Amino acid sequence: MLRFHLIKQITEKKGITFIMAMFLFIILSLITFGLVQLVRYESRQSAYGNLSEKALYIAEAGIERKIAELKEDNTSSISLTKYGEGEFEVSVVAGPGSDEYTLESTGYVPSKSKWKARRKLRVVVRVLPSVPSHALAFGGDAVIESNVTIRGTIRSNRKIVIGSNVTITESEPGKGDASIYTSYDKDDPAISIGTNFHVAVPGQYIKSRRNSSLSPNQHPPYSGSDPTPQIYDETNIVEKTNVTIVENDNSSDTDPIQVPSVDTATLVANADYTVTPSNYTSIPGFTPAWSWDSKDNVFELNASNWDPGGKIYNFTEGIKIVSNVTFTGEGTFIVSDGEADYGIELRQNVDGVYDGYARLNLLVVGGDWDEYDIWMRQNIYIQGYIFGKSTSTVESNVNIKGIVEIGDESTINSNITIEHSDDIPMDLPWQQGSTGGIEIISWQEIKPD
Amino acid sequence: MGISYIELLLGIAILSFILLVFVQVLFYSMLSVKGSQFRSLAYNWATDRLEYLKSLSYDDPVLTPLYPVWSDDGEKELVEGILFKRKLRVSEITQGLLKNIEVKVEWTERKEDRNVTVSSYKANY
């Protein structure tokens, strides 16, 4: 009764509608304000989440770029760099282990000075010396004669002369490794291209260094006449759309290369056997296949089959593999000394049981040879790493899967196929360098400073 | 005595004004929330693709550089009547070593073209 009386009293007062309206206004305003704040908060949280994730991607981009640079032997830090909608900076510290680096990358959105979001990653990587990415590398002048097929990249520190009907293509489908680079700094020319030169896959480069203080002259191969002397004659390139020519290149592609890619001192030190004329008969499995030819000063392998047994042999004199030999196991032959016509001579019909290939690494790292360090004659099938410290000649019908490196002048004669392969027999001690693989040891996010 | 006509009219006017503002705020809040949802959806769709692309091998044909062309990856998604289209662009920064991967999701919302782009480098390990 009392409550009903009070309500009646209130509602009968003048101006009560205004008060009620104001009361409603305040209530609704509060609800609206709360709603707006809620929507703003949700939007901000969502936007911040996206920005924060973007900052993480930017930090990751910094790590990925540094990993690519480590593969080029660049161990310096990366200063603040604009990337996408933000910036990153990467610090590099050697350690904690040998060949390991600790990378710390911070990503900022939109910038370091006015960041709205930032994330930081710490990644420890190990640089692994690895198989080089080129099929052929020359420390000196190289002549590639007619009818040669190279499956993989060619690198040189000197002139490259390419004969007629030469083809360069990728080592396996999709790999796109069919380019030619030289660090040679003269234009006489640095790369001479013979008639009917085929570049069989798109996206390839032919680059020469010449004068790196000038702007690189990048262009498609010329048709009609070639006015530039460094890479000449570009009109001989058949598939012109597959190639970009760069003269006066200043990229790392034309940095001088290190030949050999293998640490030969370590390899010699790790040899299972040091073979000398006085001890070779005591080496397991060596005789009667091998004999010492005191007239020519070479060890001679004269057997239809021989298994190197996965061992490293350090020969102190030259070696000759006579005709018709099939290798039934893999091995590494190093010639570290001697004096004869050839360091390593492979005559005819040398092959193996691995899809017809002999899995051999052949290296001439020392000695004094009247003709060539390495001479490969006819019908030879080898999968492995081949290195001659100075001159080498490869004759006709030779098929090599792996890597061929020559320290000085070399001639690749007719009907040769050289195909790059990562599958090199045995575990060779590759030098640290541009092609080392990267192994991720740890990858974690840390609090930014 | 009681509520006068003036008070009634004034009350209705104030209430109408309050309701109008309230409805407008609600409407724009809903649009804002919806826009934010679309943006998040596009962003998540783009990052999903970026993660997938980063997981591929460096030489995978999907990562063939075609810069500056944005290639349509064939993926489309219709959400609440809005068509989202996803595009990909790959460029090689250092030959054989470093690629830049960008994923863009485009859509049209209230007659305005919108997009989100996410990107990252991929090194050849």
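Two strands count as paired if DSSP finds at least two bridges between them. Strands themselves are DSSP runs of E, at least two residues long, and helices are runs of H or I, at least four residues long; both are numbered from the N terminus. In β4(A), for example, Val123(A) is the bridge partner of Leu103(A).

This is a predicted model, in which local features need pLDDT of at least 70 and side-chain atom pairs count only at pLDDT 80 or more, while totals for chains, interfaces and linings use all residues. Residues are numbered from 1 along each chain as its sequence is written, and chains are lettered from A and ligands numbered from 1 in the order in which they are written. The model scores ipTM 0.79 and pTM 0.61.

## The two chains

Chain A has 3 helices and 33 strands. Chain B has 1 helix and 4 strands. Their order in chain B, from the N terminus on, is α-β-β-β-β.

Burial is counted by neighbours. A residue is buried if 20 or more other C-beta atoms lie within 10 Å of its own, exposed if 12 or fewer, and partly exposed in between; the C-beta atoms are placed from the backbone. By this count, 45% of the 449 residues of chain A are buried. In chain B, 22% of the 125 residues are buried.

A contact means that the C-beta atoms of two residues, placed from the backbone, lie within 7 Å. In chain A, 60% of the contacts with a separation of 6 or more join residues 24 or more positions apart. In chain B, 49% of the contacts between residues at least 6 apart join residues at least 24 apart.

Chain B averages 83, and 96% of its residues score at least 70.

## An open antiparallel sheet in chain A

Five strands of chain A form an open sheet in the order β1-β2-β3-β4-β33, with antiparallel pairing. β1 (78-83) and β33 (437-446) stand at the edges with a single partner strand each, so one side of each has no neighbour in the sheet. From one strand to the next, the twist averages 25°. The angles run from 0 to 180 degrees between N-to-C directions, and the axes are lines fitted to C-alpha atoms, for helices over the stretch in contact.

β3(A) has 8 of its 10 residues buried, so the strand is largely enclosed by the rest of the structure. On one pairing, β2(A) and β3(A) form a hairpin with 5 residues between them. Gly95(A), in the turn, has a positive phi of about 110°. Ser91(A) has Glu104(A) as its bridge partner in β3(A). On the pairing with β4(A), Tyr108(A) has Arg118(A) as its bridge partner.

## A buried parallel strand

All 5 of the 5 residues of β5(A) are buried, so this strand is largely enclosed by the rest of the structure. β5(A) pairs in the parallel sense with β8(A), where Thr153(A) stands opposite His134(A). β5(A) also runs parallel to β30(A). There, Glu405(A) stands opposite Ala137(A).

The strand pairs described so far compare as follows.

| Strand pair | Sense | Bridges |
|---|---|---|
| β2(A), residues 86-94, and β3(A) | antiparallel | 8 bridges |
| β3(A), residues 100-109, and β4(A), residues 117-128 | antiparallel | 10 bridges |
| β5(A) and β8(A), residues 153-156 | parallel | 4 bridges |
| β5(A) and β30(A), residues 398-406 | parallel | 3 bridges |

## An exposed loop residue

Ser304(A) lies in the loop between β20 (298-301) and β21 (305-306) of chain A. Ser304(A) counts as exposed because it has 8 C-beta neighbours inside 10 Å. Leaving out residues up to four places away in sequence, Ser304(A) touches Asn324(A), Val325(A) and Thr326(A). Val322(A) is 18 residues from Ser304(A) along the chain, and their C-alpha atoms are separated by 9.4 Å.

## Where the chains meet

Contacts link 34 residues of chain A with 34 residues of chain B. On the chain A side, α2 (16-70) and β33 are the elements that give two or more residues. α2(A) supplies the largest share, 23 residues. By class, this side has 13 nonpolar, 10 polar and 11 charged residues. Here Ala, Val, Leu, Ile, Met, Phe, Trp, Tyr, Cys and Pro count as nonpolar, Asp, Glu, Lys and Arg as charged, and the others, Gly among them, as polar.

## The helix of chain B

Helix α1(B) covers residues 5-55. The expected span of a helix is 1.5 Å times one less than its number of residues.

Technical notes: pLDDT is the predictor's confidence in each residue, from 0 to 100.
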